[in-house]
Amino acid sequence: MSSRSFRSVFMVASCAGAALGCYLVSLRVASERAALEDVETRIVLAQRDMRVLQTEIGTRGRLSQLERWNAGAFALSAPAADQFLKGSFELARLAQPDHKIDFQAPVVLASAPAPQKTSPMGAPETDDSGASAAANPNSLLHEASLKTETREVPARQIVALPPTTPKSADKPATTAKPAQSKSVEKPGLAAAQSGKKLAAQELPRQASGAARPAIKKSVDKATVVTAKALTKPVRIAKADPLAPLEAKHSGNSKGSTADR
Amino acid sequence: MNAPSPALVAPRPERLRLVGQRRQTLAVMYQRLMFGMLVYAGIVAIIALRILYLAAFGDHAGRKEGLTALIPERGDIVDRNGDPLARTIDAWTIAIHPNRVIGDKPGLARKLAELMPELSQEQYFALLRSGKPFFYLRRRASPGLVEAVNALGEPGLAIQREPDRLYPQTTLAAHVLGYTDIDGHGVAGMERAFDKYLSDAATRGQPLTLSIDSRVQQALEHELMTAMTKFSAIGAAAVVMDVHTGEVLAMTSLPEVNPNAPGAATPDARFNRATQGVYELGSTFKPFTVAMAMDSGVIRSFGQQYNCPNVLPVYGHLVHDTHPFGRTCTVAEIMEESSNIGTAQIADQLGTERQKMWLGKMGFTGPVPIELKERGRALTPGSRWGPFETMTVGFGQGIAVAPLQLAMGYATLFNGGVYHSPTLIKIDRNHPLSRGKRVFSEETSYRMRALLRLVVMKGTGKKADAPGYRVGGKTGTAQKLINGRYSQTINITSFAGVFPMDEPRYVIVAMLDEPKATPDTYGFTTAGWNVAPVVSGTISRIAPMLGVRPDMNLEPDMGQVLPFVHDAKQDAKKD
């Protein structure tokens, strides 16, 4: 009897509960939606503010104003045709040192061919260093290269070997110098690029900088003593475009840090 | 047993009728009651359903309307890179309701005159006493002024925010953009041409993307302005156009107008010389004559010879040259030295009918085909188009076209010979490239490259060369028609150039109206001296931006023309 009479009450209660549950869900959804709308409204307001600020910045920095500033203060001009480079090879070419006549170099060169010419004649000669050049330049070459390698920076010389040309066998330090100054002089885009590249490669060079004078010394000695073969490795190290020489000139080094 | 009388058993007929009536009435009453209840229940059910519906899907009480998307009052106009050229902002407006002013009117008038001195104290006082309902005191007021006016504390003053059109780049591309009136309707330029698009709520959310490149526009305007000032010209116009699509990358007309304050500009400044003005552009027409002749088979080689005396008498007139040859000359030389006499003979061989047909195909005989409403219509000899007129049109006199039309003609000639109508809307997915019409053959288009490069390398357009960018083009100096007579001293100079000439991509046309001679030009007012440097300066600025790589070693196939040019200097050396 009781269960039967209460069944309707339970029914009503469960119906009410279900309805309430449904309503709560929809209420929850509505409140979530309201929160979302709030966020959306805030986004729109932020976008509007951004738009206002962008408009203001755009108006203050309008092109005609930039042109006026450029005419008055910066004086920048469009890059000329020769300031555009076709690729990394042209960029690398900018780092090629100028050939400067060094008065030690001609001596070396002159002495180098002389023994070769004389040797076929069959008359042994002595050069100014006192060693007999005629005998066998090849063996001398081997010995000299071995020496330099053991003393300093072996890896570098090995890498640098291919590009050597006998004529430019100058002092390494002096040859490298012009390269740096050249790239700095280049105005505009090319300069910026090459300057950056050079600057980036400066560190390793400085690290090996201490070794360099020693190399030079040994090279000088070798050239004096021996024939042309020796000069090859030395020259390579000098012409290396990866080692622009700022450290030796305080002015240049300052410039390079500024680039960085 | 008396049987009941039937009268006793059977009710009386009137009573029977009464019972039946009552039942009927009751039934009707029930029916009505039921109906009323159903109606009531229906209404309740509708309300309940509506409430349920609102609870489930309806908006809540705190909902904010109209902020779900950022749709400006009027659409933005942006350039091809998306930089805004026109925008609508909220500006402050100061107004007054004179009949609601309650304070001391003379005092208020004095203070208003101090703050906004465009009217005097008396005028403000008269305005306050006029009793009219509403006056604008200042539109687009600065925030500082608004604060000061607000501090007066007068309830009759109305300070509101109103949408206002702002052109962030001020005068840049003003003639392309146009401007709006005070109610925000476009009255000039693209604002006018696309007024519906910009103001329609459905479309104004998307900005209108122009084909203009603001950097190119700035470079062009600056270079042209410099030249115009230097040579004291009364006006100037220039156009840069993409050869392959007809998109106008930059178009300017000087003197310029500031669309933020269009009322301050003179009617002359509002006139768009690039599309509205039509001018006899002179020698810049000669390449068309040569191309027509080549396509028609009149000219077979650039080495074809013409007799070029110092003066050519034709049809009762005399044709002169600025650099007379006095000998036979080749087509290449005619173009190099811009000979009227030579071109007149070519045009004569071509004939009137063919010339008309070609010019029609190139769009030189009708209105300027562009979206702007400010556009002119080319002037041709019309019914007087006889053999002599054919000759003069051949070298660019007697026909007046807008600078934009000239650019269009050069684009057609150098993109392989296909005409695309010029457009100020960026070509993209929403605005695809229209199908072109073939005008010149591809071979003619190819061979003309060398001819125009020759003009810049060795001829009258040397000063237009931008090293490395292979500029080719043609100068044009036309005498201005003043009171029906050609002036001997007043010129319109123009230059139409194309670059890079080995693979043409852009055409640039510049024009100066009445340039004066300066010491720099040794007294000359011809195009080679004043407008050609504008082209050179502009190209060296814009070409890198447009992705044209400078190369000193590239040239078009000059072997087609160089053998036919008589080089006086080399002869002198040989002698």
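1. Strands count as paired when DSSP finds at least two bridges between them. Within this pair, Ala237(B) sits opposite Met511(B) of β16(B). Please keep in mind that this is a predicted model, in which local features need pLDDT of at least 70, side-chain atom pairs count only at pLDDT 80 or more, and totals for chains, interfaces and linings use all residues. Residues are numbered from 1 along each chain as its sequence is written, while chains are lettered from A and ligands numbered from 1 in the order in which they are written.

2. β16(B) has another partner: strand β15 (residues 485-499) of chain B pairs with β16(B) in the antiparallel sense, again over 8 bridges. Here Thr493(B) lies opposite Leu512(B). β15(B) and β16(B) make a hairpin, with 6 residues between them.

3. How many residues of strand β16 (residues 506-513) are buried? The count is 8 of its 8 residues; a residue is called buried if 20 or more other C-beta atoms, placed from the backbone, lie within 10 Å of its own, exposed if 12 or fewer, and partly exposed in between. In a regular strand, side chains alternate between the two faces of the sheet. In β16(B), one side carries Tyr506(B), Ile508(B), Ala510(B) and Leu512(B), the other Val507(B), Val509(B), Met511(B) and Asp513(B), and all are buried.

4. Next, a look at a helix residue. Leu413(B) belongs to helix α16 (residues 403-414) of chain B. Leu413(B) is buried because 28 other C-beta atoms lie within 10 Å. Leaving aside neighbours within four places in sequence, Leu413(B) contacts Pro287(B), Phe288(B), Ala291(B), Phe440(B), Ser445(B) and Met448(B), where a contact means C-beta atoms, placed from the backbone, within 7 Å. Pro287(B) is 126 residues away along the chain, yet its C-alpha atom is 8.8 Å from that of Leu413(B).

5. For chain B as a whole, there are 20 helices and 16 strands. These are DSSP runs numbered from the N terminus: helices are H or I with at least four residues, strands E with at least two. Of the 575 residues of chain B, 44% are buried. Among contacts in chain B between residues at least 6 apart in sequence, 71% join residues at least 24 apart.

6. Finally, the contact between the chains involves 30 residues from chain B and 22 residues from chain A. On the chain B side, α2 (13-57), β2 (84-96), α9 (214-230) and α19 (532-545) each give at least two residues.

Definitions and conventions:
Two residues are in contact if their C-beta atoms, placed from the backbone, lie within 7 Å.
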